[in-house]
Amino acid sequence: MLDDRAKLLLKALVERYIAEGQPVGSRTLSRASGLDLSPATIRNVMSDLEELGLIASPHTSAGRIPTARGYRLFVDTMLTAQREQFATPSLPADQPQKVIANAAHLLSNLSQFVGVVMAPKRSSVFRHIEFLRLSEKRYLVIIVSPDGDVQNRVVFTEGDYTQSQLIEAANFLNANYAGMAIEQVRERLKTEVEQLQSEIASLMQTAVQASSDAMAQQDEVVISGERNLLAVSDFSSDMGHLRRAFDLFEQKTQLMRLLDISSQAAGVRIFIGGESQVVPFEELSVVSAPYQVDGQIVGTLGVIGPTRMPYDRMIQIVDITSKLVSNALSHHK
């Protein structure tokens, strides 16, 4: 456990480093902390903090910088958010995709970092399904959800089907499975297709599998403001850091995993780079929060920036934006 003096010095060091981006020396820390301590005493405390893995000393400087562990202790126990007066933004209750895009842009503008939003998961329940022949062994599957959303998927089959067979397959699915989730339909078809003609059963299984794949791939991450990182000294001075960050945005898989974890807890969460595999890059941190539609969590949004970010301000920006998105999407419905 740290004593009060060590906590105060660590807090002062993190705040000064966030503000200036330079390793913090003993004299600077003495002034920043407001403690009447000799430089030698401060150096001793810094040495203890370094042994605990909370700060580190870069080779090129006599000063210290926070580690991921130090940031985590600061965020969890020392962060005091000063409520800022933001110009109250708005997100009109427009089409959901437009709300999501506007939210990512708003997060980026307010934070001057990268705004990221995971679009709401659509329902996998279908109301109606149709098949359209495109060419030999190639068909378009049209799936209509209960709220009128339409998904199209092209499938290829081993056998060829007439239009009457396509109608027969669609009629069977609509009569027996409408209102069920695609995943349920797929499982039930495995045991119920024996009563159908084998060629029609094969078509339906192919179509339902394609529909299930389409549902699984529909989660979309909207990113805005990647270029803002070019103005952050932590990245502009090291092209390797910048390249890793842009690789993360391009792949999106890691981002979706991170945002999915965020949606499992209420309120704002902070992921500090390097402390776990969730954010594998030491230079990046993520501040995220879930958003809701009619009280149900449907997605997540957040800000991605350097580990040296003003966490108190980011918490407010993310919290405000999650409420705006929740209101806009709920009113849209």
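Met46, Leu49 and Tyr311 touch the most other members of the largest nonpolar core, which has 71 residues. A nonpolar core here is a set of buried Ala, Val, Leu, Ile, Met, Phe, Trp, Tyr and Cys residues joined through side-chain atoms within 4.5 Å, and buried means under 20% relative accessible area (1.4 Å probe, protein chains only). If neighbours within four places in sequence are set aside, Leu49 is in contact (heavy atoms within 4.5 Å) with Leu2, Ala6, Leu10, Leu54 and Ile55. There's also a second, separate core of 22 residues, with Ile129, Phe131, Leu173 and Ile182 among them.

All this comes from a predicted model, where local features need pLDDT of at least 70, side-chain atom pairs count only at pLDDT 80 or more, and totals for chains, interfaces and linings use all residues. Residues are numbered from 1 along each chain as its sequence is written, and side-chain values use heavy atoms, with hydrogens and water left out.

Now for a pair of helices (DSSP runs of H or I, at least four residues, numbered from the N terminus). The axes of α2 (residues 26-33) and α3 (residues 39-51) come within 9 Å and cross at roughly 95°; axes are lines fitted to C-alpha atoms, for helices over the stretch in contact, and angles run from 0 to 180 degrees between N-to-C directions. That makes α2 roughly perpendicular (65 to 115 degrees) to α3. Where they meet, α2 brings Ser26, Leu29 and Ser30, while α3 brings Pro39, Ile42, Arg43 and Met46.

Notes:
Buried means under 20% relative accessible area, exposed over 50%, partly exposed in between (1.4 Å probe, protein chains only). Helices (H or I, at least four residues) and strands (E, at least two) are DSSP runs, numbered from the N terminus. Angles under 35 degrees count as roughly parallel, over 145 as roughly antiparallel, 65 to 115 as roughly perpendicular and the rest as oblique.
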